[in-house]
Amino acid sequence: MKPVTVIGFLGSTLDAAKFGPSRWNKWRPTVSICMQEDLRVDRFVLLHGSYHRRLADYVMDDIRDVSPETEVVPQLLDFDDPWDFEEVYGKLLDFARSFPFDPDNQDYLVHITTGTHVAQICLFLLTEARYLPGRLLQTQPRRGAPQPTGTWNVIDLDLSRYDSIATRFAEASAESASFLKSGIETQNAAFNRMIDEIEQVAVRSRAPILLMGPTGAGKSQLARKIYELKKLRHQIAGPFVEVNCATLKGDSAMSALFGHRKGAFTGAAQDRPGLLKSADKGLLFLDEIGELGLDEQAMILRAIEEGRFLPVGADSEARSEFQLIAGTNRDLVGAVDAGRFREDLFARLNLWTFSLPGLAQRREDIAPNLDYELERFAEREGARVTFNKEAREKYLAFAESPSALWRGNFRDLAASVTRMATLSPAGRIDSGAVAFETGRLQSLWSPGEARGDVLDDLLPESRLRTIDPFDRVQLAYVVAVCRQHGSLSAAGRSLFAASREERKSTNDADRLRKYLARFDLDWAGVVAR
């Protein structure tokens, strides 16, 4: 068992007692440590100021009386103001750096019951940072009859040793990661690991973050979620300012980013603060940062490093303290090699770089994101729309298959859900709506191979030329619905689901038959192909 050294402040109030036998009936924290039957103290480093030297001698004598085996080492530590955090921390840090610690052969306990609250906090911080390589020691009097020994408790700042605390931290981290994913139960292991790492960086660092990935992969949404998470943790107070750098071109880019003074150029009728100033104390998201010119990049770098920049036409610099998140779908390494992106700015951004995968690389996450998009539609439009079971299975079978390219990533998925939900006025997306939508997506991704243009096989080119594009889209949808149902009546009920409720008598089959006849089509010809 290693020898034990206790380091602690003299308690100018708690350790004081009138000389005489009665003092042994009073709990004095420094003396009580050395009176514990189950705690052997081999050395006590007693921190005290010059003003309390006499009390320190008095307490040291009592420690020697109750624990002759304890070596008491007085350590003079004077503060001009014991409530000045900067002074107390600085002097305790100097003490910690100069003390001959030997943690391989000694155990150290840092007593935090005595001293001013500022001193106690500083001891905690120095122990947490391992400048004081020990564990925290707390003492307190026993309840009831006065006893000089009191009780003691050791706190190990390795939180992994405390199951309940470790569980709480793990739960909080998981909640933060879920928050960054908008509550979506994603299944992609690589994506989940990346989000876990982003969560740690977001709450523990103010360094710039670079989000890379294709257009529509969710960079903008993730940047906003990082901002909201930091705001929930009270780590940021200012606004979220987002700008697409691809829209900043020419002379207006400098003015938009860094602001300008009145009269700086023609049309500058008044001062403009600029986006960097607007983001003061907040978070600035520069999407598509690879589109910025080299001059703007140089000023951005200085603003990141020094918090200062020069507005257009100004004689003095402006200041803004903000956290930066940059997004890009470009290969910045290649841009650096080609001289289109500053190497020093890339090096500054590249501390925390995360590459967001496209939707096609996360097919197992399509199902939960499908539900998320339906919820967003309900919140946005005030109408809840769902799939029937067969339609959902067919949509996911297509969406998760290799034939679904998802070139626009989550934007394609969001648009797809919006279209199906909007074209399902009865609040239920059926197989016909899915068939039409999957054809539309294939047409979008492979225009020459569109499954959605089902009319080519039904009507001759001469007849197709007489049909307006608007009517062609509608007719293609009707044909797709017909092919999903076993009868003219069933297809009619699906197509006229909303309007049939307002009719006194319904004949959906007849309505559908007449509609098809307008284009020289009939039921048998439509479903036979």
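On one side of helix α14, K389 and A397 are exposed, exposed meaning over 50% relative accessible area, buried under 20% and partly exposed in between (1.4 Å probe, protein chains only). The model is predicted: local features need pLDDT of at least 70 and side-chain atom pairs pLDDT 80 or more, while totals for chains, interfaces and linings use all residues. Residues are numbered from 1 along each chain as its sequence is written, and side-chain values use heavy atoms, without hydrogens or water.

Helices (DSSP H or I, at least four residues) and strands (E, at least two) are numbered from the N terminus. The buried residues of α14 (residues 389-399) are A391, Y395, L396, F398 and A399. These fall within an arc of 160° seen down the axis, so they line one face of α14; the arc is that of the directions from the helix axis to the C-beta atoms. At the N-terminal end, N388 caps α14, with a side-chain oxygen 3.3 Å from the backbone nitrogen of E390.

Helix α10 (residues 294-306) has 13 residues and reaches 18 Å from first to last C-alpha, close to the 18 Å expected at 1.5 Å a residue, that is, 1.5 Å times one less than the number of residues. Its buried residues are E296, Q297, I300, L301, A303 and I304. They cover an arc of only 165° around the axis, which puts them on the same side of α10. Just after α10, G307 takes a positive phi of about 70°.

| Helix | Elements packed against |
|---|---|
| α10 | α8 (251-258), α9 (275-278), β9 (283-287), β10 (308-309), β12 (323-328), α12 (343-349) |
| α14 | α13 (366-381), β14 (386-387), α15 (410-422), β15 (428-429), α16 (431-445) |

Key: Contact = heavy atoms within 4.5 Å. Polar contact = N/O pair within 3.5 Å; in protein donor to acceptor, adjacent residues only side chain to side chain.
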